[in-house]
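Work through the exercises below with the sequence and coordinates at hand. Each task is followed by a stepwise solution.

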Amino acid sequence: MKKNFVRASIFVLAASMSLSSCVVSKKKYDDLMARKNALEVDKASLEKDKMTLEEQKASLEEQKAQLEQERAELERQKAEYQASLQQALKEGKTLGENLNMSKSQIDKLNADLKAREQKLAELQRILDEKERAVRELRSRVSNALLGFNDKDLTVQVRNGKVYVSLAEQLLFNSGSTKVDPKGVDALKKLAQVLKEQQDVNVVVEGHTDDVPIARGTVGMQDNWDLSVLRATEITRIITDAGVSPERVTPSGRSLYVPLDKAKTKEARQKNRRTEIILTPKLDELFQILESA
């Protein structure tokens, strides 16, 4: 499953400017990189704690709820189509009784009803295929990213889409837009899956906490800039790894879509994340709905 990945670009910060408290110095960055292997060995020995199990359980329950919601919506659509068919049949009988409809007119009505039934069956087939495609996509992505800590990376299904949520500590140093090597590895593994899934659109969403960036941060005015620049950097990595740029949309949500609205350190850490949203293309489904 692993493949060779493209070496990530390294930004050179201007040496003449003072680094803010949010940007890690080059010396500290080098020190962190030197400790990387030792930290990964330590990480491998850590056990899943109770909070991780509860998060996994909550994730599974959320997926189940989303599937039930989609199934309920499908049933609602089926009920509408069936009600429409019954109404049409009723109208056809009434017209036949009141207007003494000719056989050709009745045949036409029956043909129309049959066409509607076929369209309903086709809609059901496509919705089933879409649901199956989303499940398969989640499975492929989860398998590709199996080696990463659940606190750093989660894969969920919400609203008929696959959400890959990557914590800040996996991708970026505080206030930085440069992806760490471990994050690059995760993104390239994800890109290998997406290269094989041509019928999937990709949205990269950057999210920050509610703490303003330090004044004077190079190239950024606020958290809007930070979230957008991070999303753009991730987009470059996965497109350089072979994902078609036409399928990828980078976007920044700043601090306005938090997972946890609390003002605690833990809540803010949870909110600093990047979400990669994978959506199967539904062109065939939209064509049927437009012609209904």
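**Exercise 1. State what share of the residues of the protein count as buried.**

Step 1. Apply the cut-offs: buried is under 20% relative accessible area, exposed is over 50%, and partly exposed lies in between, with a 1.4 Å probe and protein chains only.
Step 2. Of the 292 residues, 37% count as buried.
Step 3. Note the basis of the values. This is a predicted model, in which local features need pLDDT of at least 70 and side-chain atom pairs count only at pLDDT 80 or more, while totals for chains, interfaces and linings use all residues. Residues are numbered from 1 along each chain as its sequence is written, and side-chain values use heavy atoms, with hydrogens and water left out.

**Exercise 2. List the elements of the protein in order from the N terminus.**

Step 1. Take helices (H or I, at least four residues) and strands (E, at least two) as DSSP runs, numbered from the N terminus.
Step 2. The order is α-α-α-β-β-α-α-β-α-β-α-β-α.

**Exercise 3. Determine the sense in which β3 and β4 pair, and over how many bridges.**

Step 1. Two strands pair if DSSP finds at least two bridges between them.
Step 2. Strand β3 (residues 200–207) and strand β4 (residues 248–252) have five bridges and run in the parallel sense.
Step 3. Within the pair, Val204 is opposite Pro250 of β4.

**Exercise 4. Identify which residues of the largest nonpolar core touch the most other members.**

Step 1. A nonpolar core is a set of buried Ala, Val, Leu, Ile, Met, Phe, Trp, Tyr and Cys residues joined through side-chain atoms within 4.5 Å.
Step 2. The largest core has 35 residues, and Val141, Val164, Leu166, Leu187, Ile276 and Leu278 touch the most other members.
Step 3. Elements that each supply at least two residues include α3, β1 (153–158), β2 (161–167) and β5 (273–280).
Step 4. The biggest contribution, seven residues, is from α5.

**Exercise 5. Describe the salt bridges Glu122 to Arg125, Glu131 to Arg135 and Asp210 to Lys263.**

Step 1. Require a side-chain nitrogen of Lys or Arg within 4 Å of a carboxyl oxygen of Asp or Glu; the structure holds 20 such bridges.
Step 2. For Glu122 and Arg125 the closest N and O atoms are 2.3 Å apart. The two lie three residues apart in helix α3 (residues 103–144), so about one helical turn separates them. Glu122 is partly exposed at 27%, and Arg125 is partly exposed at 31%.
Step 3. For Glu131 and Arg135 the N to O distance is 3.1 Å. They are four residues apart in α3, and therefore separated by about one helical turn. Glu131 is buried at 16%, whereas Arg135 is partly exposed at 43%.
Step 4. Asp210 and Lys263 meet at 2.7 Å, N to O. This pair links distant parts of the chain, 53 residues apart: Asp210 is in the loop between β3 and α6, and Lys263 in the loop between β4 and α7 (265–271). Asp210 is partly exposed at 26%, and Lys263 is exposed at 57%.
Step 5. A network of salt bridges also links Glu168, Asp209, Arg230 and Arg272.
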